[in-house]
Amino acid sequence: MTVVGHMTSMTPMTYAEALNDALRHEMRRDDRVIVLGEDVAVYGGIFGVTKGLLDEFGPGRVVDTPISENGIVGAAIGMAMSGLRPVVEIMYSDFLCLALDSLANAASVYPFVSQGKVNIPLVVRTQGGPGNGAGPQHSKSLEQWTAHLPGIHTVMPSDAADAKGLLTAAIRSDDPVVLFEHKALYATEDLVPDGEHVTPLATARVLLEGTDVTIIAMSGMVRHSLDAAASLSAAGVHAEVIDVRSLRPLDTETLVASARKTGRVVVAAETWMRYGPTAEIAAVIAEQAFEDLRAPVARVGALAVPYPASPRLESAALSGSHDIVRATKRLMATELTRCHPIKARDRG
């Protein structure tokens, strides 16, 4: 079924199907686009994202690789430097650790050290996020690692439409892009624009307008934030919900404007809070919107423990909509006391 909107026809798709649609569209449009990674060809990817691509595009463009993450990314960098546009899948973001040498010491710096003569049009797709009992080695959210690197874009789609739009934009970018997909979102379904759909890489999205508090979230926490906003609305608190979408570049203009509008901010991410995206965003808000804040910036994230495999323990380690509601209610009961400079005539 295709649903026709005002300008663009829309089709219900799962998050995984939308990613597949983006890959298929771009591979048809540009024969320089190559897909490679563990099990992406014959098996179609562990979550089915590359299913059917081998049949349409053949083994020369859809390539199964050995289990060697640094080798996969290193080979893809060479392809990118040679004029191709490789799309790599690293199965689980936990194992980006093994590819950090290629990402940090090659992909992010070659355009700089070559004085702009070399571009690296590389996309690294990887799965992150806890919530399905995959344990401490298959559940990490390590987006803060790549977002720390100048020269690499880091994006996190939270629904099917953005999964298609951000992956399309990533493939067309001349810079390396790491796209973090959330394992728990693959089966979720939304309306997705048919045909070409491009979402700019550096734009946050205001999902819900509000006046009392700004909830800034990313990836899987976006849906929790919308649930929290619904609960808060029933209590008379009108929350503005923003999907970050891109950690690097960060759309500070949208985030700061909302913080100035509401005066209270909650930043929510599934990953650990120390040195993570919630810390960076809170710092940006404090630096650029301090005079408009009515309370300190609050943060919501996971407990500082490896993610347990036990579903009950994993659930206890994670944050959800109830934590966002609780943090917001604390903010609503807080009012900053301003310290004003002492006037010259008041000095004794």
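A residue is called buried here when its relative accessible area is under 20%, exposed when that area is over 50% and partly exposed in between, with a 1.4 Å probe and protein chains only. The model is predicted, so local features need pLDDT of at least 70 and side-chain atom pairs count only at pLDDT 80 or more, while totals for chains, interfaces and linings use all residues. Residues are numbered from 1 along each chain as its sequence is written, and side-chain values use heavy atoms, with hydrogens and water left out.

Serine 141 sits in the loop between β6 (123-128) and α6 (143-147), where helices (H or I, at least four residues) and strands (E, at least two) are DSSP runs numbered from the N terminus. Because its relative accessibility is 5%, serine 141 counts as buried. Leaving aside residues up to four places away in sequence, serine 141 touches Ser93, Gly129, Pro130, Thr271 and Tyr307, contact meaning heavy atoms within 4.5 Å. As for glycine 129, its backbone nitrogen lies 3.5 Å from a polar atom of the serine 141 side chain.

Elsewhere, helix α3 (residues 69-81) packs against helix α4 (residues 100-107) at an angle of about 30°, their axes being 8 Å apart; the axes are lines fitted to C-alpha atoms over the stretch in contact, and angles run from 0 to 180 degrees between N-to-C directions. The pair is therefore roughly parallel, as angles under 35 degrees count as such, those over 145 as roughly antiparallel, 65 to 115 as roughly perpendicular and the rest as oblique. Asn70, Val73, Gly74 and Ile77 of α3 meet Asp101, Ser102, Leu103, Ala106 and Ala107 of α4.

How values were computed
A polar contact is a pair of N or O atoms within 3.5 Å; within protein, one must be able to donate a hydrogen and the other to accept it, and residues adjacent in sequence count only if both atoms are side-chain atoms.
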